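Here's a quick tour of one protein chain, going from the whole fold down to a few single residues. Have a look at it first.

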Amino acid sequence: MNLKGKVALVTGGSRGIGRAVSVRLAAAGAFVAVNYARNEEAARETLRLIGEAGGEAEALCFDVADHGAATGAIAGLIQRKGRIDILVNNAGESRDGLLVRMKEQDWDRVIGTNLKGAFNCSRAVAYTMMKQRGGRIVNVSSVVALSGNAGQANYSASKAGLVGLTKSLARELAPRAICVNAVAPGLIDTDMTSAMTEEQRERVLGEIPLSRLGTPDDVAGVVLFLASDEAGYITGQVIGVNGGLYM
């Protein structure tokens, strides 16, 4: 899957799934803009790994939930590189809590980052992709968008919203040969799952037919495929990467 000459933006690209996706896209030949909001050190580590893989990249700092900041940063990227071919809406945040105890700001922040952030970035790249008559948008949703999860009403709602956004944009942008798809990871071994106790981990593993947590690379391989020319007849789809946890 050769992405030589392509320009990609990966939001939340400094850690976890975003880092793995950034490295895979760069290794396949794309120039990758690695977005981060706060952790510059982690973003620089992603750039180092991309360099080791023989790729080219830059770090791009902005909060995806801030419409003006996202629009301005992406416009600058397009101006510098002359195009944008791939957008991976991966930036995500979780602030878990039962509904009756959830603070309004925790709801707003998770929806703002996970769902509004994807809207902001998709809107910022859409016009250029339409002019190019081609592009790929991949949204990183979650298994809980489909299954729900107690204590994650905000997170589940935001990720379910991404499914609706994916299907709607797929219909809108298909006439310009822009494919929009989503991946829905299950339990992936990242910072978000590192807080699980050993008991919680064992209980979850018992529910996964493949009997292991996923890795960021498991997800990155699917994103790479969806971002490539090989996936030119796939749009509006949600691909589960969950080891059989949800079928």
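How many helices and strands are there in the protein chain? There are 8 helices and 7 strands, and keep in mind that this is a predicted model.

## Overall build

The radius of gyration is 17 Å, close to the 18 Å that the globule rule gives for 247 residues, so the chain is as compact as a globular protein of that length. Along the principal axes, the C-alpha atoms fill a box of roughly 50 × 35 × 35 Å.

Taking contacts in the protein chain with a separation of 6 or more, 74% are between residues 24 or more positions apart. As for burial, 50% of the 247 residues count as buried.

## Surface and charge

The chain's accessible surface comes to about 11700 Å², and carbon and sulfur atoms own 50% of that. On the charge side, you'll find 27 positive and 25 negative side chains, with the centres of the two sets 8 Å apart.

How many of the 8 residues of strand β6 are buried? The count is 8 of the 8 in this stretch, residues 178-185, so β6 is largely enclosed by the rest of the structure. Cover comes on both faces: I178, V180, A182 and A184 are buried on one side, while C179, N181, V183 and P185 are buried on the other.

β6 pairs with two strands named here. Strand β5 (residues 135-140) runs parallel to β6 and is joined to it by 6 bridges, with R136 standing opposite C179. Strand β7 (residues 238-241) also runs parallel to β6, this time with 4 bridges, and here A184 stands opposite G240.

6 of its 6 residues are buried, so the rest of the structure largely encloses β2. One side holds F31, A33 and N35, the other V32, V34 and Y36, and all of them are buried.

Which strand pairs with β2 in the parallel sense over 4 bridges? That's strand β1, residues 7-10. Within this pairing, L9 has A33 of β2 as its bridge partner.

## Zooming in on V140

V140 lies in strand β5. Is V140 buried or exposed? Its relative accessible area is 4% and the cut-off for buried is under 20%, so V140 counts as buried.

What does V140 touch, leaving aside its neighbours within four places in sequence? The contacts are V88, N89, N90, K159, L162, V183 and P185. Two of these, V183 and P185, also turn up among the buried residues of β6. For P185, the C-alpha to C-alpha distance to V140 is 7.6 Å, although the two are 45 residues apart in sequence.

## S156 in helix α6

Over on the helical side, S156 is found in helix α6, which covers residues 153-173. S156 has 10% relative accessibility, and with buried meaning under 20%, it counts as buried.

Not counting residues up to four places away in sequence, S156 touches V144, A145, G148 and N149.

How values were computed: Residues numbered from 1 in each chain as written. Predicted model: local features only at pLDDT ≥ 70, side-chain atom pairs only at ≥ 80, totals over all residues. Heavy atoms only, no water. Rg over C-alpha atoms; globule rule 2.2 N^0.38 Å. Buried < 20%, exposed > 50% of the residue type's maximum accessible area, 1.4 Å probe, protein only. Contact = heavy atoms within 4.5 Å. Areas by Shrake-Rupley, 256 points an atom, 1.4 Å probe, with all protein chains shown as cover. Lys, Arg positive; Asp, Glu negative; His and termini not counted. Charge placed at Lys NZ, Arg CZ, Asp CG, Glu CD. Pairing = 2+ DSSP bridges.
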